[in-house]
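Please have the model open as you read.

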Amino acid sequence: MNPLKNTFRLIIILLFTAVTSNDTAAQKDSITKVFIVRHAEKADDGSKDPPLSGPGKIRAAALAKTLSKTPVHGIYSTPYKRTRETVAAISAQSGVAIENYNPMDVEAIHSLVLSQKGKTLVLVGHSNTVPLILNKLTQSTIYKNLPENEFDNIWLLLLKGTKLVDLIHLTY
C-alpha cells in the first residue's frame with residue numbers, strides 16, 4: 001500500500017476530526033474514531049511487567065506527536081507499565097486520564113466503543129490482544145497475532161454506529 005496515500009488519508013481524517021469535534025448536535029450521527037496501537041518496545045528486564053525501553057520511549061513520544069492535533073476523548077490501556085507508558089504523553093497533552101480495560105473481554109470493549117459515539121478514542125494493547133480487538137470491531141477474523149518485534153502499527157477505525165465506515169492501517 002502507498003504510504004503517501006495513507007498519510008494523506010490520515011491527514012484528511014485528522015482535519016475532519018478537528019473541525020467536527022465540538023459539534024455536539026452532530027454527535028448522534030457522527031463518526032467514532034478509534035486509534036488502536038500495540039504498546040511500544042519494552043525493556044528486557046526479566047520482569048513480568050517491564051517498562052518501556054529507550055526506543056520504546058522514543059516511539060511513545062512519536063505516537064503522542066502524531067496525535068497531538070487530534071482531540072482525544074478517551075484513552076484505554078491494559079494495566080501494565082508498557083501500555084500505560086505508551087499513552088502517557090497522549091494523556092498529558094490531552095488532559096484525558098488513562099482508563100484500564102481488560103483486553104480479553106472483547107464484548108466489553110465493543111460495548112465501550114459503541115457507547116462513545118462521535119468521540120475519538122485511543123486503545124493500546126499487546127501483540128496478541130490488538131488482533132482480537134480489531135477482529136471484533138471490524139467483524140472479521142483476518143487479524144492475527146503481531147510479530148514480537150513489530151511495534152509501529154497504528155489502525156484508525158471509523159465507525160458510524162455499529163458500521164465500519166473505513167479502516168486505515170499505517171505505521172509510525
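1. Is Glu107 buried, partly exposed or exposed? Glu107 is partly exposed, with a relative accessible area of 46% (buried means under 20%, exposed over 50%, partly exposed in between, using a 1.4 Å probe and protein chains only).

2. A word on the source: this is a predicted model, where local features need pLDDT of at least 70, side-chain atom pairs count only at pLDDT 80 or more, and totals for chains, interfaces and linings use all residues. Residues are numbered from 1 along each chain as its sequence is written, and side-chain values use heavy atoms, leaving out hydrogens and water.

3. Searching the whole structure turns up three salt bridges (a side-chain nitrogen of Lys or Arg within 4 Å of a carboxyl oxygen of Asp or Glu). One of them joins the side chains of Glu107 and Lys136, at 2.7 Å from N to O. Because Glu107 belongs to helix 4 (residues 106-114) and Lys136 to helix 5, this pair ties together parts that are 29 residues apart in sequence. Helices (H or I, at least four residues) and strands (E, at least two) are DSSP runs, numbered from the N terminus. Lys136 is partly exposed, at 24% relative accessible area.

4. Next, look at Arg38 and Glu148, whose side chains form a salt bridge of 3.6 Å, N to O. Arg38 sits in strand 1 (residues 32-38) and Glu148 in the loop between helix 5 (130-138) and strand 5 (153-160), so the contact ties together parts 110 residues apart in sequence. Arg38 is buried, with a relative accessible area of 2%, whereas Glu148 is exposed at 53%.

5. Glu41 and Arg59 also meet through their side chains in a salt bridge, at 2.8 Å from N to O. Glu41 is buried at 15% relative accessible area, and Arg59 counts as buried at 19%.

6. Finally, the whole-structure search finds one aromatic pair. The ring centres of Tyr143 and Trp155 are 6.5 Å apart and the planes stand at 85 degrees, so the pair is edge-to-face (rings of Phe, Tyr and Trp, its six-membered ring, pair if their centres lie within 6.5 Å; planes under 30 degrees apart count as stacked, over 60 as edge-to-face and the rest as tilted). Both Tyr143 and Trp155 are buried.
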